[in-house]
Amino acid sequence: MSSSPSPMPTEAGILQFMEICDSFYPPDAVTASIEQQREWYDALCRQFDRPLPDGMHIEDELMMGRIPVRHYRPGTVRASTCLLYLHGGGFVVGSLESHHAICAEIADDAGAELISVDYRLAPEHRWPAQTDDCFVVLKQLLDADRTVVLIGDSAGGNLAAGLVVRAKAEGLSGIAGQVLIYPALGGDLASGSYVEMANAPGLTTADVNYYREVLQAPAGDPVAGALAQSSFDGLPPTFITVAYFDPLRDDGRNYAAKLAQAGVEVWFREEPQMVHAWLRARHMSDGARTGFRAICAAVSRFAGSN
């Protein structure tokens with residue numbers, strides 16, 4: 001890894017967030033065992049737990065196909081569209097618990113039911129287990145004539161964009177939009193933000209490379225990295241948000257540009273003071289709070305619940 005200094009934001013709330021994260025999840029976490037990484041990550045997620053919105057009904061231990069999911073139903077449902085959430089965590093960590101409050105708050109704001117997918121993790125399950133699990137759930141919703149908004153952060157953003165590729169290839173309809181939050185989309189690790197932000201706080205380019213090596217997805221496959229698509233025509237309306245201090249930043253930038261060039265309806269936001277995983281800072285950072293409001297507005301727009 002380069003010895004150049006880490007680029008750093010200056011917003012007080014996000015600096016406090018980074019300090020808390022480092023106390024639970026060390027910057028060199030990927031050098032630890034998988035079990036240790038998951039233990040640290042789960043503890044970090046618990047630190048940012050929040051009470052669920054009033055009236056939120058949760059159903060657990062549900063299965064769609066063979067895939068465990070968690071179902072969120074807000075007290076007031078204003079949209080018939082279903083939200084499908086795919087969590088981040090580098091395909092290695094993360095669970096239904098890690099993004100529990102995030103899912104509940106998005107569902108509540110949109111007034112829409114949300115399904116969170118407990119897809120299989122690497123290295124126990126290599127690619128394409130993760131996309132296959134998520135596609136089983138998506139197809140079951142579409143087969144039931146539900147319209148769906150796909151939402152994913154980081155690795156989950158990768159999975160969401162890959163599901164759109166698969167749905168297009170199979171001629172499936174019913175995806176009302178995709179909301180990609182600092183997504184990993186298969187960009188070149190030797191250019192752009194992967195170089196400029198190689199030592200960014202929260203996620204480094206070396207970390208991204210580690211996660212790719214654990215997952216073992218084929219390079220150049222458009223399901224594994226949506227930037228590799230030969231054509232971006234006919235994709236659903238898309239909202240993309242990225243963090244300036246994040247090696248994944250240009251994946252989102254470049255994907256937004258390709259969608260716009262293909263005539264796809266696309267909204268793009270770049271949070272100037274944010275780092276990777278800023279979603280967890282939404283109640284302690286002004287920038288994250290504003291970014292989360294934009295995510296919720298995009299979800300509501302795609303779900304038709306504005």
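**A note on helix packing, the core and some backbone details**

1. The crossing of α1 and α2 is right-handed (a crossing counts as right-handed if the near helix is turned clockwise from the far one by less than a right angle, and as left-handed if anticlockwise). Helix α1 covers residues 12–24 and helix α2 residues 34–47; helices (H or I, at least four residues) and strands (E, at least two) are DSSP runs, numbered from the N terminus. Their axes come within 9 Å and cross at roughly 145°, where axes are lines fitted to C-alpha atoms, for helices over the stretch in contact, and angles run from 0 to 180 degrees between N-to-C directions.

2. Before going on, please keep in mind that this is a predicted model, in which local features need pLDDT of at least 70 and side-chain atom pairs count only at pLDDT 80 or more, while totals for chains, interfaces and linings use all residues. Residues are numbered from 1 along each chain as its sequence is written, and side-chain values use heavy atoms, with hydrogens and water left out.

3. Which residues make the contact between α1 and α2? From α1 come Ile20, Cys21 and Phe24, and from α2 come Trp40, Ala43, Leu44 and Gln47; contact means heavy atoms within 4.5 Å. By class, this contact has six nonpolar residues, one polar and no charged ones (Ala, Val, Leu, Ile, Met, Phe, Trp, Tyr, Cys and Pro count as nonpolar, Asp, Glu, Lys and Arg as charged, and the others, Gly among them, as polar).

4. The loop between α1 and α2 holds serine 33. Serine 33 is partly exposed, at 38% relative accessibility (buried means under 20% relative accessible area, exposed over 50%, and partly exposed in between, with a 1.4 Å probe and protein chains only). From C-alpha to C-alpha, serine 33 and valine 137 are 30 Å apart in space, and they are 104 residues apart in sequence.

5. Now for the core. The largest nonpolar core has 105 residues, and Leu83, Leu84, Ile106, Val179, Tyr255 and Trp278 touch the most other members; such a core is a set of buried Ala, Val, Leu, Ile, Met, Phe, Trp, Tyr and Cys residues joined through side-chain atoms within 4.5 Å. Helix α9 (residues 286–303) gives the most to this core, with nine residues.

6. How do α3 and α9 pack? Helix α3 (residues 100–110) and α9 have their axes 9 Å apart, at an angle of about 55°. That makes α3 oblique to α9 (angles under 35 degrees count as roughly parallel, over 145 as roughly antiparallel, 65 to 115 as roughly perpendicular and the rest as oblique). The residues of this contact divide into six nonpolar, one polar and two charged. On the α3 side they are Ile102, Glu105, Ile106, Asp109 and Ala110, which meet Phe292, Cys296, Val299 and Ser300 in α9.

7. Is α3 mostly covered or mostly uncovered? It is mostly covered, as nine of its 11 residues are buried, among them His100, Cys103 and Glu105. Just after α3, glycine 111 takes a positive phi of about 60°.

8. Helices α4 and α5 form another pair to look at. Their axes come within 10 Å and cross at roughly 65°, and the crossing is right-handed. Gln130, Thr131, Asp132, Cys134, Phe135 and Leu138 in α4 meet Leu159, Leu163, Arg166 and Ala167 in α5. By class, that contact has six nonpolar, two polar and two charged residues.

9. The backbone also deserves a look. Most residues other than glycine have a negative phi, and most peptide bonds are trans. A cis peptide bond joins alanine 122 and proline 123, with omega about 5°, and the bond from tryptophan 127 to proline 128 is cis too, with omega near 10°. Proline 123 lies in the loop between β4 (114–117) and α4 (129–143), and proline 128 lies in the loop between β4 and α4 as well.

10. Serine 154 is not a glycine, yet its phi is positive, at about 60°. Serine 154 sits in the loop between β5 (148–153) and α5 (155–169) and counts as buried, at 10% relative accessibility. Glutamine 216, also not a glycine, has a positive phi of about 60°; its place is in the loop between α7 (205–215) and β7 (238–245).

11. Finally, aspartate 250 is found in helix α8 (residues 249–261) and is buried, with a relative accessible area of 12%. Apart from neighbours within four places in sequence, aspartate 250 is in contact with Gly192 and Ser193.
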